[in-house]
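Below are my notes on the model, as numbered points. Please read them beside the coordinates.

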Amino acid sequence: MKKTHITMKLLPILAALLTCINVNAYDIEVDNIYYDVNLDDMTASVTSGDNLYTGNIVIPSSIAYKGREFHVVSLDNISFKNCPDLISVTIRDGIEDIKAYAFSGSKKLAEVVLPNTLTNLGENSFENCESLESLEIPNGIKSIPNRCFTGCRSLSHVNIPQSVTTIEQRAFYFCSSLSHIELPHSLQRIGAEAFEWSGLVSISIPNSVSTIEAFALGNCLALQNVIFNDGNTPLVMLFVSSEDIDLHEGDLFGASPLESLHIGRLISNITISEDLNILRINVTKLKTVSFGKYSNKSLDFTYAQELEEVYCKFTDPSDVTVSFSNKTYLNATLFVPTGTKEKFEKADGWKNFFSIQEFDMDETAVKAIKQTNGIKQHYNLDGKKLPYPNKGVNIIRSSNGETHKILIR
């Protein structure tokens, strides 16, 4: 009995020793890159080895070893993790899979060139790569996984291809240099805290997105302009259950200081309230709000005390129950489609506006401009801010500071 007891006590120690021995296990080394190989199909996967990778690395499509050729197909877990002197990695075509944590924690990694053959990115792939500035994600990737770019503080440009349908939880969490991002029209879901604490200034949510989870845009302290693009498919906002995600009050935007908001389609579970137990949008700094043809049937903006302009694209105000603060009714201007002013002057909620004006706009031009991410603000020729381009000459200022004149007929 005593001998058995001693043996059982030694098993965890032996297991730990074996684990330590196998940490840097690899099959072959070719040109200072470590590989595991599969002899059945003659493929190879990049892995970690005796020494950490440094400098500029190029991963080939194939390698030769003792007269035999192996096709390189993947990067294993933690292949380049925590390599303090790794500067750049170029991955040749042929590689299809980058597994979890592949580059995580390599703080000097400034450039990664991904292959066109890539079809999978693993979770936490680039987590805390603090020097990575830009990345072109190849067409073929369907999901930006959990924490893929969490903590990439220098990341300012990411190209997301039309193949992507989901952006998972905390994918761009704490990407403080990411001021603008163009979301593809293939996108269907945005996970919880996906862009929280990022540097976003404006964002346009395509009408293809059917689900957006709590705090997806939370605490983006520079976020001023948000557009939910027009469409007739409802957008569902969800709470999520996760042990490692703190949902706080369940806000979508949290402390993000929105100044302009466009709601172009029905959003379920959207409630603006002091009740911390329900999903809400922070509207305390909101200056301009606009509603599309398929906007919510019930709207409560009583906590938006700084509203200056309210725009409506729908033509029948009797379909929409609305509440604004007395301050808004007294001081803000309500802009309604040409020929509908009389309807709004008689409709409950809307008739309380002291100032109601009609406006005209070109639907096609508005749609084109609204879906072009990077547009920071619209102005008329008098320099007045506009949430939409009006009929006539308009001035468009983009996120890079450039200005352009457009003519809306």
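1. A search of the whole structure finds zero disulfides, a disulfide being a pair of cysteine sulfur atoms within 2.5 Å. A disulfide is a covalent bond between the sulfur atoms of two cysteines. For Cys83, the closest cysteine sulfur belongs to Cys129 and lies 9.8 Å away, too far for a bond. Cys148 is likewise in no disulfide, the nearest cysteine sulfur being that of Cys152, 7.7 Å away. Cys83 is buried at a relative accessible area of 1%, and Cys148 is buried at 0%. Here buried means under 20% relative accessible area, exposed over 50%, and partly exposed in between, with a 1.4 Å probe and protein chains only.

2. Basis of the values. This is a predicted model, in which local features need pLDDT of at least 70 and side-chain atom pairs count only at pLDDT 80 or more, while totals for chains, interfaces and linings use all residues. Residues are numbered from 1 along each chain as its sequence is written, and side-chain values use heavy atoms, with hydrogens and water left out.

3. Overall content. The chain has four helices and 31 strands; these are DSSP runs numbered from the N terminus, with helices (H or I) of at least four residues and strands (E) of at least two. Of the 409 residues in the chain, 50% are buried. The accessible surface of the chain is about 19200 Å², and carbon and sulfur atoms account for 49% of that surface; the areas come from the Shrake-Rupley method with a 1.4 Å probe, and for residues only the protein chains shown count as cover. Taking contacts between residues at least 6 apart in sequence, 44% join residues at least 24 apart, where contact means heavy atoms within 4.5 Å.

4. Inside the order, two bridges join S15 (residues 189–190) to S17 (residues 211–213). Ile190 is opposite Ile212 in S17.

5. Three-stranded sheet. Another open sheet has the order S4-S7-S9, also with parallel pairing. Its edges are S4 (55–59) and S9 (111–113), each with a single partner strand, so one side of each is left without a neighbour in the sheet. Neighbouring strands of this sheet are turned by 15 degrees against each other on average, direction ignored; the axes are lines fitted to C-alpha atoms, for helices over the stretch in contact, and angles run from 0 to 180 degrees between N-to-C directions. S7 (residues 86–91) is joined to S9 by three bridges, and Val89 has Val112 as its bridge partner in S9.

6. Strand S22. Parallel partners of S22 include S20 (residues 260–263), joined to S22 by four bridges, and S24 (residues 309–312), also joined by four bridges. Ile263 has Phe291 of S22 as its bridge partner, and Val289 is bridged to Val310 in S24. In S22 (residues 288–291), Thr288 and Ser290 point one way while Val289 and Phe291 point the other way, and all are buried.

7. Antiparallel hairpin. S5 (residues 62–65) and S6 (residues 68–75) run antiparallel and are joined by four bridges. Ser62 stands opposite His71 in S6. The hairpin has two residues between the strands, and Lys66 takes a positive phi near 50 degrees.

8. Nonpolar core. The largest nonpolar core holds 95 residues, of which Phe103, Phe126, Phe172 and Trp350 touch the most other members. Such a core is a set of buried Ala, Val, Leu, Ile, Met, Phe, Trp, Tyr and Cys residues joined through side-chain atoms within 4.5 Å. Leaving out residues up to four places away in sequence, Phe172 touches, among others, Ile144, Phe149, Leu155, Ile181 and Glu196.

9. Two single residues. Thr47 is in strand S3 (residues 43–47) and is buried at 7%. Beyond four places in sequence, the contacts of Thr47 include Tyr26, Asp36 and Asp76. Tyr303 lies in the loop between S23 (298–301) and S24 and is partly exposed at 34% relative accessibility. Tyr303 and Ser323, 20 residues apart in sequence, are 9.6 Å apart from C-alpha to C-alpha.

Methods: Two strands pair if DSSP finds at least two bridges between them.
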